[in-house]
Amino acid sequence: MSKVIYSKYSNERARKFALRTDIVTDHDRRYVKKIPLYPEGRFHVENIGRWYQELSQRYGNTKIHMNQCGMQQDYLMLEYLEGQTLENVMDTLLMEGKVEELVSCLMDYLGEVKKGFWLGHFEVTPEFEKVFGHVELSRELEAGDIVDIDMVLNNVLMQDSEWNLIDYEWTFEFPIPYHFVVYRILLYYLNGNSARNSLHELNLMEQAGLTLEEIQEYEKMERHFQDIYVTQQNDDRQKHIPIRDLYEEVSPGVVDLTGLRFQDQSERAARMVQLYQAPDLGFTEEHSETKDLHKEGVFLDYFSIEPSSRYVRLDPCSKYCMVKNLRMQWGEDIMNYRTNGIFMEDGSLFFPLDDPQIIVERPEGGMGDFRAYFEIEYLSIDEALYQMQKLYGSQRRALDQAKQEVQHQEETIRAMENTKVWKAYRKIKRN
């Protein structure tokens, strides 16, 4: 006997797009049903089955696979898939501080998306303007003739090395620029959670090849698609207003608990001690390991070092900090080091940056484990700025004192030159 275990209503849309999505369990089997809420929506649901065939053909030789589906009387049945969304995978990499790996994975996905664009160059059609409005875009942009614009990261399930697209409802059969799909993928990921704010400084849209002029036109396209095409009724030109657009009027505010939890995880990752090892100074994430502090503010542990590794790099954390009482030992040898930190008067190391590094070279004939001890104080950006101001003030005072000492010496010399003894000495020296 089948049983509905989850339902989602997409009823903020125009009647022809309004759906109900059910997850159904039938004995040990699960599947997904998409059901039109009104008779006008049957064509839209039937079209999803057609898009499955078209997109499967276009992405047949890529790592992207379409979730299988088929029309069953008055609803569309899709395969129920399990796994992590690509969005969750990206968030985990971000939480672990593996930003380079995140960007690499993201660019790989965008490259696979592009492989499904068969047409060539973009051109404006009446169908395009009905859905996206009037925009000014170059005819030289790469475009596809059948395009799913909703290949966003939370629509992609990871299974082994494959990306499974679980929803391709918003597919169109007229030319659409590849960069618009990229724009939506990045837009909804970068702005979907405040914990991803740090990624904005990477300029990912620019890295993906989008120009500022393009982005401005894509913003117009997205607004027209969401605010007019999806919600506009055919009969009386009335619109459904989605709840998301009523937020400012009906809500006094919200605390994003998911974002707070993610920030807490990100903070914990930033406090991890990481050690890299390499035969040269080309350190990589693949040849590194992380460890927690054993108690608050104190680290004492050892690392096993490969015989081929000549250098190690110790990162006490990934944030502004002050490291005190640092002691490192390779076997029996007490180690000197180089660092991107600043030595303070009390012997501590100040790191006014979020990538502190301490690099050690293996001593000649050095054997045994690498051991490290230090005490650490994490700093906020305001505390780091205060330390910088103190350091600058100290250096200014030292410079002023040195100038005063030089001035005092010059005055002493001038005073000596005016004495009878000095004048007599100079007269004797000339003779």
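**Ground rules.** I number residues from 1 along each chain as its sequence is written. The model is predicted, with local features needing pLDDT of at least 70, side-chain atom pairs counting only at pLDDT 80 or more, and totals for chains, interfaces and linings using all residues, while side-chain values use heavy atoms, with hydrogens and water left out.

**Entry 1: salt bridges overall.** I took a salt bridge as a side-chain nitrogen of Lys or Arg within 4 Å of a carboxyl oxygen of Asp or Glu. The count by this rule is 19 salt bridges. Side chains of opposite charge can pair when their charged atoms come close.

**Entry 2: Arg13 and Glu169.** I looked up this pair and found a salt bridge between the side chains, at 2.5 Å from N to O. Glu169 sits in the loop between strand 12 (162-165) and strand 13 (171-172). Helices (H or I, at least four residues) and strands (E, at least two) are DSSP runs, numbered from the N terminus.

I also noted a polar contact of 2.5 Å between the two side chains, Glu169 and Arg13. A polar contact is a pair of N or O atoms within 3.5 Å; within protein, one must be able to donate a hydrogen and the other to accept it, and residues adjacent in sequence count only if both atoms are side-chain atoms.

Are Arg13 and Glu169 buried or exposed? Both are buried, and for Glu169 the relative accessible area is 4%. My cut-offs are under 20% relative accessible area for buried, over 50% for exposed, and partly exposed in between (1.4 Å probe, protein chains only).

**Entry 3: Tyr229.** I checked the distance from Arg13 to Tyr229, and their C-alpha atoms are separated by 9.1 Å, although the two are 216 residues apart along the chain. Tyr229 belongs to helix 7 (residues 212-229) and is buried, because its relative accessibility is 15%.

**Entry 4: helix 1.** I found a salt bridge between the side chains of Arg42 and Glu46, at 2.8 Å from N to O. Both residues lie in helix 1 (residues 42-58), 4 residues apart, about one turn of the helix. Arg42 is partly exposed at 34% relative accessible area, and Glu46 is partly exposed at 35%.

The side chains of Arg58 and Glu54 also meet in a salt bridge, at 3.2 Å from N to O. They are separated by about one helical turn because they are 4 residues apart in helix 1. Arg58 is buried, with a relative accessible area of 8%, whereas Glu54 is partly exposed at 22%. I traced a network of salt bridges that links Glu54, Arg58 and Asp145.

**Entry 5: Glu286.** I placed Glu286 in the loop between strand 15 (273-278) and strand 16 (288-291). Glu286 is exposed, because its relative accessible area is 64%.

**Entry 6: positive phi.** Most residues other than glycine have a negative phi. I noted His27 with a positive phi of about 60 degrees, although it is not a glycine. His27 is in the loop between strand 2 and strand 3 (29-36) and is exposed, with a relative accessible area of 66%. Asn325, also not a glycine, has a positive phi of about 50 degrees and lies in strand 19 (residues 321-330).
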